[in-house]
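Biologist: Can you walk me through this model and tell me what stands behind each label you use?

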Amino acid sequence: MRKMRQTTFILGAGFSVAAGFPLVRGLRELVVNFMQNDRHPVYAPFLQAGQGFKDGQFAEGVNRVDPELRLGFEELLIELQNACANAVPDDPCHTTLRVLRIGCARLLWQRQNAMQRVPSAYVNFARRFFKSNVTRHNVAVSFNCDLLIGKSL
């Protein structure tokens, strides 16, 4: 019986950045700009003034947890989630958290769906993953926000 070799591939954000996917650093600004330009009906009403919020319900939720606008995307989500744990149902933090999640998902789906073909880094990875000269049992662990690894495999 042949011994089976196993390799575990761990892929981080640097792997997908060449395909046009953002790193977490700068994601907050990217998502907010995307939402403001996208104006999707799910979140557009919360981005503009109204319902008793001078700068909109989204901005009010951000200001409650990050008044100096210093938090990165992940930290902002964590602070919003913590604030929501003790907030009344109509607290704007609930809306802000939901809007950020939807906006981020839409941004990433749009980037992925705009690709005409899988980038060469992914194709090369798939070739290595399925290298045929040795019996292998490989595992890929991805911390990326794209689905291109699955597509390439």
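Predicted model: local features only at pLDDT ≥ 70, side-chain atom pairs only at ≥ 80, totals over all residues.

Biologist: What makes a set of points a pocket and not a cavity?

Modeller: On a 1 Å grid over the protein atoms alone, a cavity is a set of points where a 1.4 Å probe fits but cannot get out, whereas a pocket is an open set with protein on both sides within 12 Å along at least five of seven lines.

Biologist: Which residues line the largest pocket?

Modeller: Lining residues have an atom within 4 Å of a point, and here they include Ala13, Ser16, Leu108 and Cys145. Helices α1 (13-17) and α6 (92-113) each supply at least two residues of that lining; helices are DSSP runs of H or I with at least four residues, strands are runs of E with at least two, and both are numbered from the N terminus.

Biologist: Why is glutamine 57 called buried?

Modeller: Buried means under 20% relative accessible area, exposed over 50%, partly exposed in between, using a 1.4 Å probe and protein chains only. Glutamine 57 has 10% relative accessibility, so it counts as buried. This residue is found in helix α4, and among the residues it touches are Phe46, Asp90 and Thr96, not counting residues up to four places away in sequence. Contact means heavy atoms within 4.5 Å.

Biologist: How do you know that the chain is more spread out than a compact globule?

Modeller: First, the chain has 8 helices and 2 strands. Its radius of gyration is 20 Å, well over the 15 Å that the globule rule gives for 153 residues, so the chain is more spread out than a compact globule. That radius is taken over C-alpha atoms, and the rule is 2.2 Å times the number of residues to the power 0.38. Along the principal axes, the C-alpha atoms fill a box of roughly 70 × 35 × 25 Å.

Methods. Residues numbered from 1 in each chain as written. Heavy atoms only, no water.
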